[in-house]
Amino acid sequence: MQLIWVSGPTARIRTFSISARKAVWGVGLLASALVLLGFLCHWVGLRVAIQIDPSLAQTMGGVTSATEQLRLEAGVTDRRIGSTL
């Protein structure tokens, strides 16, 4: 496949040759880049949510902050101690 680029009526004409193999590689690279960008945005979003609003982070991905994790573990320990008495 050939692409022809004309930037104006008096400009130089440029042609680009693209084979099927190059097109498949290009689509694959673009898809990979978009998937990586999605993972990066999700990861950064979770990190920001943990710092700003831990309840949002828990809703988004089941993530708890260190303080909230300690509070949850203390609650479980209290229930165990209360059930053995």
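**Close-up views of a predicted chain**

View 1. Of the protein chain's 85 residues, 7% count as buried (under 20% relative accessible area with a 1.4 Å probe, protein chains only; exposed is over 50%, partly exposed in between). This is a predicted model, where local features need pLDDT of at least 70, side-chain atom pairs count only at pLDDT 80 or more, and totals for chains, interfaces and linings use all residues. Residues are numbered from 1 along each chain as its sequence is written, and side-chain values use heavy atoms, with hydrogens and water left out. Along the sequence the pattern runs β-β-α-α-α, giving 3 helices and 2 strands (DSSP runs numbered from the N terminus: H or I of at least four residues for helices, E of at least two for strands).

**View 2. Helix 1, end to end.** Helix 1 covers residues 20–52, and its 33 residues should span 48 Å at 1.5 Å a residue (that is, 1.5 Å times one less than the number of residues). Its end C-alpha atoms sit 47 Å apart, which agrees. Buried here are Leu 46, Ala 49 and Ile 50.

**View 3. Gln 2 in strand 1.** Gln 2 belongs to strand 1 (residues 2–6) and is exposed, at a relative accessible area of 53%. Leaving aside neighbours within four places in sequence, Gln 2 is in contact with Phe 16 and Ser 17 (heavy atoms within 4.5 Å). The C-alpha atoms of Gln 2 and Ile 18 are 6.0 Å apart, though 16 residues separate them along the chain.

**View 4. Helix 2 and confidence.** Mean pLDDT (the predictor's confidence in each residue, from 0 to 100) is lowest in helix 2 (residues 54–61), at 68, and highest in helix 1, at 89.
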